[in-house]
Amino acid sequence: MMDLNRALEMDRSDPLAGTRAAFALPEGVIYLDGNSLGALPCNAAARVAEVISRQWGHDLIQSWNRHDWISMPARVGDRIARLIGADAGEVVAADSTSVNLMKLLSAALKLRPGRRTILSDNGNFPNDLYIAQGVSALLGEGHVLRIVDPDKVGDEIDGDTAILMLTEVDYRSGRRHDMRALTSRAHAAGALVIWDLCHSAGAMDVDLNAAGADMAVGCGYKYLNGGPGAPAFMFVARRLQGDLKPALSGWMGHDRPFDFDLDYRPATGVVRNLAGTPPIIGLTALDAALDAFDGVDMRDVRRKSLALGDLFIELARERLARHGLEIVTPEAHPTRGSQVSLRHPEAYAIVQALIAEGVVGDFRMPDIARFGFAPLYTSFADIWHAIDRLEAIMAAGSFREARFRKRLAVT
Ligand SMILES: Cc1ncc(COP(=O)(O)O)c(C=O)c1O
Ligand SMILES: Nc1c(O)cccc1C(=O)C[C@H](N)C(=O)O
């Protein structure tokens, strides 16, 4: 049986072991839910306090120039760009993932007139499908959202596909799409692709430009650790930037916002997709969080993420399978994100019982216990202890207690 010493040895030889110190993790908690809300970076509170008290409190309106608040969406975007294989000037930080998806999808559909299909899969985060439904209704041009099985997506792309809209890593199973292959199949059929990187950015070496990607969105609050409701980001490949005409044609995306012209004229570059005033306090927390990635090679992040997952899978097989917990995440490295999900009919109560024991994972309908690995702060020992406590809960049957069955409003 694999013992704790091996996990501790893996931590000792982990090139990313040092980045954990950049996060303020609560004592005694094993946090495996960074794929829902990333941990608090140690520097965030002081940076936000500085912006509030000195910049906002003292310098007031002048801060837009003096502290260059106005270019924060682009500056933070450039820092995210390095993490997702984009070039400077291809990413901006703004709004939420949902709003950014709405902006990109509505503009992208206009680039494929005559084509009616938005193609997606039933493993996508439902929110994205809702956005596509809303955009289709808004445009009123007869677009249809086709939702197919994830492994059928490539074969379902055809001459009517306007946009292929996919989330790279499935929020529930952790299955990962082949971005490069699907992008080139879509291009061969004349379609454009929008990738949702919510469960990829910050957890792996996404390489948008190497994959020939067109557009992407993602959130700032999961593996990028920007805090609850952090600004999200969007990517538009440079070759498409001039063609995309923002439907949400706000002044922050105007070529000369402070000329106060009566007519909208989009800015050059990805910033044309900005709409309203940037949320400086939220951007500051996200900017601070990105410091933890400075000097970090995303290939090391991916290597560690896979090693954490391998360890989890090995231990789950050894110690949990006999308790009826089934691994649903694909095991082959290229087909897996940075989480491992287990299926059990009592998954909800099991996750609650585990949280009571200091191990935070989460539950996803209908029967999935989900464990996310944030390579900057998750240790191999965390994985060992998580499985150890989970096995104890299963062996004792403590998850059957009534208190663990009470459903919470937000899970
Ligand atoms: C894949 C995916 N897309 C979109 C969202 C929603 O993003 P937001 O709430 O930032 O709009 C989430 C999670 O909340 C997600 O997991
Ligand atoms: N965005 C969230 C929220 O506002 C509350 C609770 C959870 C979330 C999440 O991010 C859920 C997440 N996208 C998921 O993968 O399930």
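Begin with helix H8 (residues 179–188), whose buried residues are Met179, Leu182, Thr183 and Ala186. Helices here are DSSP runs of H or I with at least four residues, strands are runs of E with at least two, and both are numbered from the N terminus. A residue counts as buried if 20 or more other C-beta atoms lie within 10 Å of its own, as exposed if 12 or fewer do, and as partly exposed in between, with C-beta atoms placed from the backbone.

Before going on, note that this is a predicted model, in which local features need pLDDT of at least 70 and side-chain atom pairs count only at pLDDT 80 or more, while totals for chains, interfaces and linings use all residues. Residues are numbered from 1 along each chain as its sequence is written, and chains are lettered from A and ligands numbered from 1 in the order in which they are written.

**Around H8**

Look down the axis of H8. Next, show helix H7 (153–156), strand E5 (161–167) and strand E6 (192–196), against which the buried residues of H8 pack. Contact means that the C-beta atoms of two residues, placed from the backbone, lie within 7 Å. Just after H8, select Gly190, which takes a positive phi of about 85°.

**Annotated positions**

Now select Thr97, Ser98, Thr167, Asp196, His199, Tyr221, Trp251 and Thr277, which an unreviewed UniProt entry annotates as "binding site". UniProt positions are given in the numbering used here, feature names are shortened, and annotations may be inferred rather than shown by experiment. These residues are spread over 181 residues of sequence and also in space, up to 30.6 Å between C-alpha atoms.

His199 is found in the loop between E6 and strand E7 (215–218). Is His199 buried or exposed? With 27 other C-beta atoms within 10 Å, His199 is buried. Leaving aside neighbours within four places in sequence, His199 is in contact with Asn35, Thr167, Val169, Tyr171, Lys222 and Gly337. Trp251 lies in the loop between H9 and H10 and is partly exposed, with 15 other C-beta atoms within 10 Å.

**The ligands**

Select ligand 1. Of the 13 residues around ligand 1, Ser96, Thr97, Ser98, Phe125 and Cys198 come nearest; a residue is near a molecule if its C-beta atom, placed from the backbone, lies within 6 Å of it. Helix H5 (97–109) and helix H6 (126–139) are the elements that give two or more residues to this shell. By class, the shell around ligand 1 has five nonpolar, six polar and two charged residues. Ala, Val, Leu, Ile, Met, Phe, Trp, Tyr, Cys and Pro count as nonpolar, Asp, Glu, Lys and Arg as charged, and the others, Gly among them, as polar.

Move to ligand 2, which is surrounded by Ser36, Phe125, Tyr171 and Val410. This shell divides into three nonpolar, one polar and no charged residues.

**A four-stranded sheet**

Display E9, E10, E13 and E12: in that order the four strands form an open sheet with antiparallel pairing. Two strands pair if DSSP finds at least two bridges between them. The edge strands, E9 and strand E12 (362–364), each pair on one side only. E9 and strand E10 (residues 339–343) pair over two bridges, and Glu326 stands opposite Arg343 in E10.

Pro366 is in the loop between E12 and strand E13 (368–372). A cis peptide bond joins Met365 and Pro366, with omega about -5°.

**Backbone exceptions**

Most residues other than glycine have a negative phi, and most peptide bonds are trans. Select Asp68, in the loop between helix H3 (63–66) and helix H4 (72–83): Asp68 has a positive phi of about 50° although it is not a glycine. Asp68 is exposed, with 11 other C-beta atoms within 10 Å.

Finish at Phe260, in the loop between helix H9 (238–241) and helix H10 (280–290). Phe260 has a positive phi of about 50° and is exposed, with 8 other C-beta atoms within 10 Å.
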